[in-house]
Amino acid sequence: MSVIQISSQRSFDGYYKRFKHNSETLGCEMTFGVYLPPNIESKGGVPVLYWLSGLTCTDENFMQKAGAHRLAAELGIMIVAPDTSPRGEHVPDDAQKAWDFGLGAGFYINATQEPWSHNYQMHDYIADELPAIIAENFMVTERRAISGHSMGGHGALVCAFRNPGRYVSVSAFSPITNPMMSPWGQKAFGLMLGDNTQKWRDWDACELMSTLTERLPLLVDQGADDEFIHNQLKPGNLSTAAAQSGHAANIRVHHGYDHSYYFVASFIDDHLRHHAKALLGQDG
């Protein structure tokens, strides 16, 4: 589980660093970024927020665009941002090189269909292998939270809902809430999981909501002017699923905001404070 440092930049008295490693789960070399807040050693370890990015993104998008370092440094929270899919010449990609599937678009599920099943095991990588690597190589506590944007928001919700006891809080920006009803999700699920739509339910946040055995603090932000809100993201479906299951989810819609990182940057402090309550037992 050794990692190799690619780069390092000082940021708000902490460090933003990128690493690469060989992933047994994905069968390829992967990169991930971390924000290390100041004085980790004196604190004896810090909790971790995992951030999952969206379609076409890499591990760099969030770290460069979201403006999360300042408050993460103040709160003493480490942020881990993995890549969005397996990578490499031997890793299968969409035959048409479409931007919404394949490299850069792993959907954070475990594929069961060839040729995707050998490499596209992103859920197990995020939930199991990567946290083990982080624990082995950095001074962190056992407390972890998860968040993400768009496809990554879907991934964050699904990882939290499928792994009770693993995370202390969850949040999402503009998530694909109901991928079984989304063209993006239908394409990815059909290719990676096959035609049996009953199996798709295991990877759909709205479907999983009714099976939850825990009630994690949940914050979801959605831009009202997001071009994908009605066709792909469907926040109303998540609101309905939460109400039907008795989950006190905080789902907010913000007028004038779109799907971009300008939206994420505008409300990232709210999400960091949301997670701080659970990770640190404080109001931030």
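Modeller: Thr197 belongs to helix α7. The model is a predicted one, and in it Thr197 has a relative accessible area of 37%, so this residue counts as partly exposed. Along the chain, Thr197 stands 17 residues from Met180, and the C-alpha atoms of the two are separated by 8.0 Å.

The helix that holds Thr197 also takes part in covering another one. Helix α7 spans residues 197–200 and is among the elements that cover the buried residues of α6. The others named there include α5, at 151–162, and α9, at 229–233. Helix α6 itself runs over residues 183–193. Its buried residues are Trp184, Gly185, Ala188, Phe189, Met192 and Leu193. Viewed down the axis of α6, these residues fall within an arc of 110°, and therefore they line one face of the helix. Directly after α6 comes Gly194, whose phi is positive, at about 95°.

Ser174 is not a glycine, yet its phi is positive, at about 45°. Most residues other than glycine have a negative phi. With a relative accessible area of 0%, Ser174 is buried.

Apart from neighbours within four places in sequence, Val168 is in contact with Arg143, Arg144, Ala145, Leu216, Pro217, Ala278 and Leu279. Asn237 is 69 residues from Val168 in sequence, and their C-alpha atoms are 24 Å apart in space.

Another loop, between β5 and α4, holds two further backbone features. Strand β5 covers 78–82 and helix α4 covers 122–137, and Pro115 is found in the loop between them. The peptide bond that joins Glu114 and Pro115 is cis, with omega at about 0°. Most peptide bonds are trans. Lys97 has its place in the loop between β5 and α4. Its phi is near 55°, a positive value in a residue other than glycine. Lys97 has a relative accessibility of 62% and so counts as exposed, whereas Ser174 is buried.

These details can now be set within the whole chain. Its secondary structure consists of eleven helices and nine strands. For 284 residues, a compact globule would have a radius of gyration near 19 Å, and the value of 18 Å for this chain agrees with that. Taken along the principal axes, the box filled by the C-alpha atoms is roughly 50 × 45 × 35 Å. Buried residues make up 59% of the 284. When contacts between residues at least 6 apart in sequence are considered, 72% of them join residues at least 24 apart. The chain exposes about 11,500 Å², and 46% of this is supplied by carbon and sulfur atoms. As for charge, there are 21 positive and 31 negative side chains, with the centres of the two sets 4 Å apart.

How values were computed
Residues are numbered from 1 along each chain as its sequence is written. This is a predicted model: local features need pLDDT of at least 70, side-chain atom pairs count only at pLDDT 80 or more; totals for chains, interfaces and linings use all residues. Side-chain values use heavy atoms; hydrogens and water are left out. Helices (H or I, at least four residues) and strands (E, at least two) are DSSP runs, numbered from the N terminus. The radius of gyration is taken over C-alpha atoms; the globule rule is 2.2 Å times the number of residues to the power 0.38. Buried means under 20% relative accessible area, exposed over 50%, partly exposed in between (1.4 Å probe, protein chains only). Contact means heavy atoms within 4.5 Å. Accessible areas come from the Shrake-Rupley method with a 1.4 Å probe; for residues, only the protein chains shown count as cover. Lys and Arg count as positive and Asp and Glu as negative; His and the chain ends are not counted. The place of a charge is taken as NZ of Lys, CZ of Arg, CG of Asp or CD of Glu. The arc is that of the directions from the helix axis to the C-beta atoms.
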